[in-house]
2 protein chains.
Amino acid sequence: MSETRSESRHARWWQTPARALNTACADAARARQNQLTKPPGSLGRLEDVAVQFAAIQHSDRPRVDPVHISIFAGDHGVVAEGVSAFPQAVTVEMQRNFVSGGAAISVLARQLGATLEVINCGTLADPTTLPKVIHAPVATQTQNFCETEAMTDAQWQQALLIGRAAIERAGQHQAHLFIGGEMGIGNTTAATALLCALTEMTPAELTGAGTGLDSHGIQHKTRVIERALQRHVDLLDDPAAVSRALGGFEIAALTGAYIAAAQAGIAVLVDGFICSAAALCALRLNPSVQPYLIFSHCSAEQGHRKLMTHLEASPLVDLNLRLGEGSGAAVTVPLLRAACALHNEMATFAEAAVSGKLTQGTLEG
Amino acid sequence: MSETRSESRHARWWQTPARALNTACADAARARQNQLTKPPGSLGRLEDVAVQFAAIQHSDRPRVDPVHISIFAGDHGVVAEGVSAFPQAVTVEMQRNFVSGGAAISVLARQLGATLEVINCGTLADPTTLPKVIHAPVATQTQNFCETEAMTDAQWQQALLIGRAAIERAGQHQAHLFIGGEMGIGNTTAATALLCALTEMTPAELTGAGTGLDSHGIQHKTRVIERALQRHVDLLDDPAAVSRALGGFEIAALTGAYIAAAQAGIAVLVDGFICSAAALCALRLNPSVQPYLIFSHCSAEQGHRKLMTHLEASPLVDLNLRLGEGSGAAVTVPLLRAACALHNEMATFAEAAVSGKLTQGTLEG
């Protein structure tokens with residue numbers, strides 16, 4: 001506490017602690033789980049989810065509605081190094097697909113009855129032809145981080161605030177769950193560079209196929225990331241500098257959103273590889289965010305499983321997904337809803353007049 | 001084919017082959033997946049699910065509605081050996097809880113908009129006080145299979161037909177997915193005995209805590225199963241005899257239901273340990289059932305992961321569930337629905353005017 005106070009003159013918004021969890025509600029929820037008509041613990045992860053939401057929502061009857069989904073899009077200077085299997089035009093083309101309803105996340109958001117918004121954080125192609133997209137461009141794209149820092153400090157802070165603004169809108173919608181998604185040709189390269197910089201892992205361990213590189217493409221991408229890490233070797237101890245130098249506008253926006261969600265007391269369902277890199281940045285900038293982050297799935301992208309192990313996170317599902325857009329998180333929302341519905345609606349042993357467990361004495365007899 | 005014909009005089013209904021899959025529809029579905037606005041393969045298991053449903057439903061636009069859930073309940077003579085942590089009264093008490101809406105499966109069925117029916121296959125307590133339960137008792141309980149065969153052949157066939165009748169009702173509801181659930185104090189003991197008899201695995205490897213035995217209880221249960229296997233050692237080469245001698249009314253009903261579903265062309269979502277034992281019996285009695293079975297989750301019950309490996313099955317999720325009642329299967333239905341919605345509703349690259357993948361020449365340039 002005294003440390004926080006002494007630093008307060010210099011504290012930035014992203015360093016403000018997350019909203020406190022309500023442990024009394026968590027205890028009440030755990031007690032209720034043990035009274036419901038099932039062998040204690042037999043709903044496994046779903047029991048833990050209900051208790052976690054109870055603590056986050058300060059309620060012993062937690063809920064997962066409404067869900068707010070924000071997709072952040074941005075272009076990456078590092079694409080000049082030939083690291084992606086798709087052309088950069090796709091970053092804008094997919095934004096059109098998101099808002100016109102044909103993308104995976106559009107389909108899933110409809111299924112969930114979720115609010116879906118698309119935020120252009122800075123893309124090469126002219127985005128103003130997309131009227132349903134929120135325009136907040138930081139620049140036309142990041143700088144090529146093999147040559148210089150991807151963003152200036154002002155740009156990085158601007159990108160973080162794009163994320164915070166999304167959480168303000170989520171709050172206006174009374175969202176009980178936030179999903180961030182991303183779109184940005186080249187962003188598995190940026191995410192991999194971030195992970196290498198923030199952990200002990202190497203590009204050779206973490207670099208994967210992204211949207212579909214072959215083995216030569218992956219080797220090339222690995223070398224590009226190695227060059228970038230070499231270029232910025234002096235910054236690697238400072239998470240803010242790492243996020244700025246090796247990240248992307250949409251990744252920084254996700255980082256800002258995750259932090260702001262935790263500060264606002266809104267649970268976050270983290271999507272795959274890129275989002276987990278943004279979550280790692282959020283955790284390094286503000287460790288109090290941790291209990292608000294639920295990792296939804298283990299991505300097929302090479303480095304994701306290693307990152308999950310590094311974070312001691314157990315993603316809810318492992319379905320070999322690697323699409324991004326928040327799609328993996330959206331797919332798992334019904335698991336969270338089932339967890340809360342079971343918690344709230346199941347009868348207790350007393351209510352249902354169902355017999356409890358035998359004593360071991362009876363059992364062994 | 002000639003073999004089938006020559007045996008037809010002796011063939012029983014459960015040996016009739018499953019409805020043929022439609023490979024043209026599967027090919028069309030796979031081709032469509034590769035045209036949707038995502039990197040090819042990036043929806044992982046969800047793509048496979050959509051293609052599997054296309055083949056099963058003879059449609060390139062598959063669906064997972066309506067869902068029909070049948071819970072089969074039965075009591076077990078082997079409980080006299082002290083193998084369960086709960087009293088046998090729970091088998092009937094939980095049937096009341098299913099139909100009055102307080103059980104886990106009741107909550108989940110409501111969430112899914114699924115038809116839920118409860119079938120009493122034979123329980124000790126008087127079940128006629130439960131008006132919303134379908135009464136089809138084979139007997140008050142099975143025989144203790146440590147002493148004699150659990151069922152007579154006539155009882156076993158009667159139990160299989162209970163399952164087939166459930167599939168007839170599912171068909172009347174135009175169900176596109178069938179979930180079987182089970183309730184029966186003592187039925188992890190029966191299921192473990194079945195698995196040991198039908199595979200190379202031993203009671204020591206497979207026996208688990210069931211509804212909540214401690215380590216002494218598990219040791220005792222292991223010895224009970226070893227005695228049962230010794231008692232019926234002459235039958236172990238015949239899957240029908242194994243299912244009859246070591247199973248249960250509700251397990252045989254599940255086996256009959258799985259076979260009848262495949263014959264009717266209805267996809268089956270298999271729940272946890274007990275249901276997987278019933279599915280193994282179905283596969284041994286009629287291997288053509290295999291493509292209709294989707295394994296929903298890897299149960300926390302000791303032997304389930306080993307059985308999944310034995311069957312080369314990859315359950316959709318692993319959430320440490322061990323409740324039964326069909327609950328784990330019900331929890332995963334939204335994943336199947338998401339798979340079909342994505343398949344049916346996503347835009348193609350052409351429809352959305354999104355650029356495709358670069359050639360590797362461009363990439364490496």
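The legends below accompany close-up views of a predicted model.

**View 1. The symmetry relation between chain A and chain B.** In this predicted model, chain A is brought onto chain B by a rotation of 180° with 0.0 Å of shift along the axis, the RMSD of the superposition being 0.0 Å. The two copies are thus related as by a two-fold rotation axis. Both copies use the same surface, since 100% of the contact residues of chain A recur in chain B. Among the residues of chain A, Val317(A) comes closest to the rotation axis, with its C-alpha at 2.8 Å.

View 2. Gly102(A) is found in the loop that lies between helix 4 (89–100) and helix 5 (104–112) of chain A. The relative accessible area of Gly102(A) is 7%, and because buried means under 20%, this residue counts as buried. When residues up to four places away in sequence are not counted, Gly102(A) touches Asn97(A) in its own chain, together with Thr37(B), Met346(B) and Ala347(B) of chain B.

**View 3. The open sheet of chain B.** Six strands of chain B form an open sheet in the order 3-2-1-4-5-6, and their pairing is parallel. Strand 3 (134–135) and strand 6 (293–295) of chain B are the edge strands, each of them pairing on one side only. Helix 6 (residues 153–172) of chain B lies across strand 1, strand 2, strand 3 and strand 4 (177–183) of chain B, and this helix runs at about 160° to strand 1 of chain B.

**View 4. Strand 1 of chain B and its two pairings.** On one side, strand 1 (residues 67–73) of chain B pairs in the parallel sense with strand 2 (residues 115–120) of chain B over six bridges, whereas seven bridges join strand 1 of chain B to strand 4 of chain B, again in a parallel arrangement. Ile69(B) takes part in both pairings, having Leu116(B) as its bridge partner in strand 2 of chain B and Ile179(B) as its bridge partner in strand 4 of chain B. Strand 1 of chain B is accordingly described as mostly covered, with seven of its seven residues buried.

View 5. Strand 4 of chain B is mostly covered, seven of its seven residues being buried. Leu177(B), Ile179(B), Gly181(B) and Met183(B) point one way from this strand, and Phe178(B), Gly180(B) and Glu182(B) point the other way. Besides its bridges to strand 1 of chain B, strand 4 of chain B pairs in the parallel sense with strand 5 (residues 267–270) of chain B over three bridges. In this second pairing, Leu177(B) stands opposite Ala267(B) of strand 5 of chain B.

**View 6. Aromatic rings around Trp14 and Trp156 of chain A.** Six aromatic pairs are counted over all chains. The ring centres of Trp14(A) and Trp156(A) are 5.2 Å apart and the ring planes stand at 75°, so the pair is edge-to-face. Trp14(A) lies in the loop between helix 1 (2–7) and helix 2 (23–33) of chain A, and Trp156(A) lies in helix 6 (residues 153–172) of chain A, so the pair ties together parts that are 142 residues apart in sequence. Both Trp14(A) and Trp156(A) are buried.

**View 7. The corresponding rings of chain B.** The rings of Trp14(B) and Trp156(B) have their centres 5.2 Å apart and their planes at 75°, so this pair is edge-to-face. Trp14(B) belongs to the loop between helix 1 (2–7) and helix 2 (23–33) of chain B, and Trp156(B) to helix 6 of chain B, so the pair ties together parts that are 142 residues apart in sequence. Trp14(B) counts as buried at 5% relative accessibility, and Trp156(B) counts as buried at 1%. Arg164(B) lies over the face of Trp13(B), at 4.7 Å from the ring centre.

Notes: Residues numbered from 1 in each chain as written. Chains lettered and ligands numbered in written order. Predicted model: local features only at pLDDT ≥ 70, side-chain atom pairs only at ≥ 80, totals over all residues. Heavy atoms only, no water. Least-squares fit on C-alpha atoms with pLDDT ≥ 70 in both. Contact = heavy atoms within 4.5 Å. Helix = DSSP H or I, 4+ residues; strand = E, 2+ residues; numbered from the N terminus. Buried < 20%, exposed > 50% of the residue type's maximum accessible area, 1.4 Å probe, protein only. Pairing = 2+ DSSP bridges. Axes fitted to C-alpha atoms, helices over the stretch in contact; angles between N-to-C directions. Phe/Tyr/Trp six-rings, centres within 6.5 Å; stacked < 30°, edge-to-face > 60°. Lys NZ or Arg CZ within 6 Å of the ring centre and 35° of its normal.
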